[in-house]
Amino acid sequence: MIPIVEQALEYDKVKVLLKKHTVSEMGNIRVENLSPSKSLDLIRHDLTLCSEVKKFQQRCGDIPLTGLSDISKTLIHASKTGTILDPEELLNIAKVAQLPSQIKKKTYNQNQDEFPYFFDIVRTLPSFDELVDTINNCISMEGILLDRASKELRSIRQRLRKIRTNIHDKLETILRSPDHQKSIQESVITSRNNRFVIPIKQDARAFFNGVVQGQSTSGATCFIEPLSVVEMNNSLHDATEAEQREIRRILLELTDQLREQLPELEQALNLLGDLDFLSAKARFSQELNAIEPKINKEGNVNLIKARHPLLEFQTRQNRESIQKSDDHITSDEKQKSKLPERVIPTNVHIGRDFNTLVITGPNTGGKTVVLKTIGLLCMMLQSGLHIPAAPNSELPIFDHIFADIGDDQGIEHNLSTFSSHISKIADMLKSIEESESTSSLVLLDEIGAGTDPTEGTALGMAILSWLSERNVSTIVTTHYGALKAFTHTHHKMENASMEFDSTTLRPTYHLKIGVPGSSNAIKIAEQLGIPNSILSSAESFFGNNNIAVEDLLMELQGTQQDLETEREELHEKIKACESEHQKYRELINAFDSDQKTIQEEAEKEAFEIISSARKTVDNVVSDIRREQASKASIREAFNKIENAKKQLKPDPPEIPKTRKIPILNIGDKVRIIRLNRFGEVTAIAKQGQTPIRISVGKMQMNLSYNDIDNVISKKESRHLTPSVLELQHNKANEIKEELYIHGMLVKEGLDLTDKYLDDAYLAGLLKVRILHGKGTGALRSAIHQALNENPHVGDYEYAPPSEGGEGVTVVKFKE
């Protein structure tokens, strides 16, 4: 596939959009090198891998790639023995080297069987925890060697700090000395030639003992190093050089340690670049609401609700622009400058029943967009990208994709529009003829245009016949009526049209396969204001037969549109019926299962009752015999039998208690009993079994008064979300009004008290008791200090002597 085709189908623009989702230059390079493949196995692997990464990122968030940069040049530099990397280079390597461990940590708890290809990459990633820890332990985020990098460095820096302090102390003494006040230009300590000095007036330098290290630009000030600090500055200079030698030694050691893992670092860098590319493809798929299409080997194209990706992004921008301008322009201005706000999806198929599709219809009706959508989606598929279409869409793998779209005059070759088109078509035919493969896709916009219509039509027929005979999948657009008739007579060809609304005289952008379209030039001209006299002349020149054919085409389009609408309605009804059938089948199965369970439980209960009754009778008979049938024993026996009979009788059904109907207003929040969730009342009907409409999250439910409780007025709950109310309700049922911490350590008791106070306040309790005991008073004092600092506590006091006295603190919360 040549770049001209990629440009014609705007494949290069898709790659620009894909680049926006990469995080590194390595990801960008992979996008730039992306091109369609012909390998079925490679394409399937790439599509599956894209689906796995998309699913993983939807569930777990993006793959952690923050800090990824191209460190390949640094690694090459480090490969030379004796090389010393600077701190910034080492930090960049550490940022990259820490990513494999972060990725493995994020994927640790995921099921590897769900993401086999993705986990193959993750498992291959080498880890560098020790190297990362070593670098981060030695170098700060600002690129400064830390004292802890080595004992020697720490010792040197301690000596440096001590020397600097001694020098400053000495110089401060000189600056404060009355003997030097007239000589000092300014009471500051500065440095020249890496030595600490003080500014002395030029005319006083002869009276000040020291070494001149420089003077000001004006010459009025000399910077003199007093003799008393010369030796100290020498020591400082020696210590500074020792520090730099130690820093170089540490950096060399780190570089040597890194060099030992260069092959693994290069491998990791390459895999991280692949993951950046994969993550971008997955995010791009998610942004487009794209799917992984099916691939068939029969050469069949079947796109369902396909959308052109560039149009998808353009219409989103249009929607955003319209929303921003809503407050600034009138409704008439909006109508005049109306931009498309959504993409009309396309359903198209070719290959199974026919290999040539001829699309007709009015200008600006969407014919060219259909061509570009089909070609671009085929190229995206063969590049391992998901396509913006509905599930169950199918595409084949084409060995060649050819496209001649748009009015591209060959100015540099002195070619007209027609010559330019024919030159491109000639190249296509030559490539197809020379190729041994029959799997090609040809997309031609306005075939035969740019010359005499009769000759252009004849040439178009011949080209279509040639391509069809070689079983090339061909899709063309045209305005020529003779090509429609020609297509109708060939069994391997099919007409299609862009739907046109004859009422509004506007295109609907829906592709209809099986019916040829009309250009509707005269009707469009009428709408655009051409005088009726000219339109009448045009119709007479056009001829009555041609007008009748055009009217017939319009009628056929209308009939097919009605049939499509009825078919869609019937399809929806069938789906609804199937759903209801499944629902009732599940209810029947559940009923049968419940009935069987109830019967088994009833039989078991009856058996237990009968066994118990028999045992009771046997015991009674035994008692009668033992007591020799005295009156008292017989009376007692009859009482036992009566009690057993009562057990055999079922309890009378409980009469449901009538609940008082609560007073509700729209905006109140209530608890749905069976869900144990809070929702907001959005409507209240005057009658009906379920008069209350309640919003719960994104659900709307119609309920009765018996289904709710815990009514909270709109005023009381306006600052409380349903989630907070649910938490309060659950806490109120769980939290007790007393906390027992007697005998605990202070820290343990404080931790429990702090959590308990938060929970109690959230549960809506007004007052609680904390039983801490008297003891030494340490726990009690700590608790009182915590209460003073708690923002929810209004007041607290000891309990009455009868309820624990100083061993119990009663806490009252703020309302």
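The model is a predicted one.

Start with the aromatic rings. The structure holds 6 aromatic pairs. One of them joins Phe56 and Phe115. Phe56 sits in helix α4, residues 40-60. Phe115 sits in the loop between α7 (99-107) and α8 (116-124). The two residues are 59 apart in sequence, so the pair ties together separate parts of the chain. Phe56 has 1% relative accessibility and therefore counts as buried. Phe115 is buried as well, because its relative accessible area is 0%.

A second aromatic pair has another geometry. Phe284 and Phe313 are stacked, with 6.1 Å from centre to centre and 15° between the planes. Phe284 belongs to helix α12 (residues 262-288), and Phe313 belongs to helix α13 (residues 309-325). The pair therefore ties together parts that are 29 residues apart in sequence. Phe284 is buried at 1% relative accessibility. Phe313 stands at 12%. The cut-off for buried is under 20%, so Phe313 counts as buried too.

Return to Phe56 and Phe115. Both belong to one aromatic cluster, together with Phe118 and Phe119.

Now turn to charge. Side chains of opposite charge can pair when their charged atoms come close. The count here comes to 28 salt bridges. Asp62 and Arg283 form one of them, with the closest N and O atoms 3.7 Å apart. This pair links distant parts of the chain, 221 residues apart. Asp62 lies in the loop between α4 and α5 (72-78), while Arg283 lies in helix α12. Asp62 is partly exposed, because its relative accessible area is 41%. Arg283 is buried, because its value is 17%.

Asp120 and Arg123 meet at 2.4 Å, N to O. Both residues lie in helix α8. They are 3 residues apart, about one turn of the helix. Asp120 has a relative accessible area of 37% and so is partly exposed. Arg123 is partly exposed too, at 48% relative accessibility.

Helix α10 (residues 151-176) holds another such case, with Glu172 and Arg176. Their side chains meet in a salt bridge of 3.6 Å, N to O. The residues are 4 apart in the helix, so about one helical turn separates them. Glu172 counts as partly exposed at 33% relative accessibility. Arg176 reaches 58% and therefore counts as exposed. Salt bridges also form a network: shared partners join Asp147, Arg157, Arg161 and Glu243.

Glu600, Glu601, Glu603, Glu605 and Glu608 form a patch of negative charge on the surface. Take Glu603 as the example. Glu603 lies in helix α21, which covers residues 544-627. Its relative accessibility is 48%. Exposed requires over 50%, so Glu603 counts as partly exposed. A patch member needs over 30% relative accessible area and no salt bridge.

Asn193 has a phi near 55°, a positive value in a residue other than glycine. Asn193 sits in the loop between β1 (190-192) and β2 (195-201). At 55% relative accessibility, Asn193 is exposed. Glu446 also has a phi near 55°, again positive in a residue other than glycine. The place of Glu446 is the loop between β11 (440-444) and α17 (453-469). Its relative accessibility is 23%, so Glu446 counts as partly exposed.

The last stop is Gly688. This residue lies in the loop between β16 (677-684) and β17 (692-696). Gly688 is exposed, because its relative accessibility is 57%. Ser704 lies 16 residues away in sequence. In space, the C-alpha atoms of Gly688 and Ser704 are 8.5 Å apart.

Note on methods:
Residues numbered from 1 in each chain as written. Predicted model: local features only at pLDDT ≥ 70, side-chain atom pairs only at ≥ 80, totals over all residues. Heavy atoms only, no water. Patch = residues over 30% accessible without salt bridge, like charges linked within 9 Å, V, L, I, M, F, W, Y side chains within 5 Å. Areas by Shrake-Rupley, 256 points an atom, 1.4 Å probe, with all protein chains shown as cover. Salt bridge = Lys/Arg side-chain N within 4 Å of Asp/Glu carboxyl O. Lys, Arg positive; Asp, Glu negative; His and termini not counted. Charge placed at Lys NZ, Arg CZ, Asp CG, Glu CD. Buried < 20%, exposed > 50% of the residue type's maximum accessible area, 1.4 Å probe, protein only. Phe/Tyr/Trp six-rings, centres within 6.5 Å; stacked < 30°, edge-to-face > 60°.
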